[in-house]
Amino acid sequence: MADAANNGGIPKGMRILVRFWGAVSGLCSAALGFFVLFTLSATCLGMGIYMILMGALVLGFEAPVCCQYVPALVTMSNWIDTHFRFWMRGTLYFLLAILPVIFCLEVSTFVGCGSIMITAALYGVLAIGKKGADANQNANNEDIEMKTNLVDNKGDPNQTEP
C-alpha cells in the first residue's frame with residue numbers, strides 16, 4: 001500500500017544499504033545486550049534483556065532471511081515493508097532504542113542502541129528522499145541578487161547609481 005508511494009525516487013542500492021545497516025545494528029544490539037546482562041543493577045538487567053529482544057526484532061524486520069524459520073516474524077516483516085513508510089519505521093526504531101539509554105547508562109547500551117538510532121536516522125534520510133533536491137528546482141527563480149553582476153570583467157564594482 002505505502003510501498004509504491006514510499007519508494008518512489010529512492011535508489012534500490014540505498015535501500016539495500018540501509019537494510020544491511022539495520023541488520024548489522026540488530027546484531028550489534030543483541031550482542032551488546034548480552035554484555036549488559038552482566039551487571040548488578042536490576043534496571044540494567046531488564047534493559048539487557050530488552051536490547052536482546054529489540055535486536056532480534058530489528059534483525060527480523062530488516063533481514064527476514066535470517067529469521068525465515070519463524071513464520072510470524074516473516075509475515076510481520078512483509079506487512080511492515082508494505083504498510084510502513086520510511087519515517088514510520090525510523091520513528092519506531094528510534095522509540096525502541098531510546099528506552100534502554102534512558103534507564104541504563106552503560107557504554108554497551110549507548111553503542112547497541114546508538115546503532116539502531118543510526119538506522120532510524122538513515123530511514124529519516126530515506127523519508128526525505130528527493131524532496132530535498134526538488135526544493136531547489138521548485139524555488140522561485142526571481143532571485144535578483146544572484147543574477148546581477150556585482151563586478152565587471154576588470155574586477156571593478158558596477159555602480160548602478162546615476
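**Close look**

Analyst: Residues 109-128 are 100% helix and 0% strand, with end C-alpha atoms 28 Å apart; helices (H or I, at least four residues) and strands (E, at least two) are DSSP runs, numbered from the N terminus. The model is predicted, so that local features need pLDDT of at least 70 and side-chain atom pairs pLDDT 80 or more, while totals for chains, interfaces and linings use all residues. Residues are numbered from 1 along each chain as its sequence is written, and side-chain values use heavy atoms, without hydrogens or water.

An unreviewed UniProt entry lists 109-128 as a transmembrane region, along with 20-42, 48-74 and 86-103; such positions follow the numbering used here, feature names are shortened, and annotations may be inferred rather than shown by experiment.

Helix H6 (107-128) is among the elements that cover the buried residues of H2, as is helix H3 (42-62), where buried means under 20% relative accessible area, exposed over 50% and partly exposed in between (1.4 Å probe, protein chains only). Those buried residues of H2 include Val18, Gly22 and Gly26. Beyond its neighbours within four places in sequence, Leu126 contacts Ile10, Met14, Arg15, Val18 and Phe86, contact being heavy atoms within 4.5 Å.

Leu126 is also one of the residues with the most contacts inside the largest nonpolar core, which has 24 residues; Cys113, Ile116 and Tyr123 are among the others. H2, H3, helix H4 (71-83), helix H5 (86-103) and H6 each give this core two or more residues, and H3 gives the most, with 6. Such a core is a set of buried Ala, Val, Leu, Ile, Met, Phe, Trp, Tyr and Cys residues joined through side-chain atoms within 4.5 Å.
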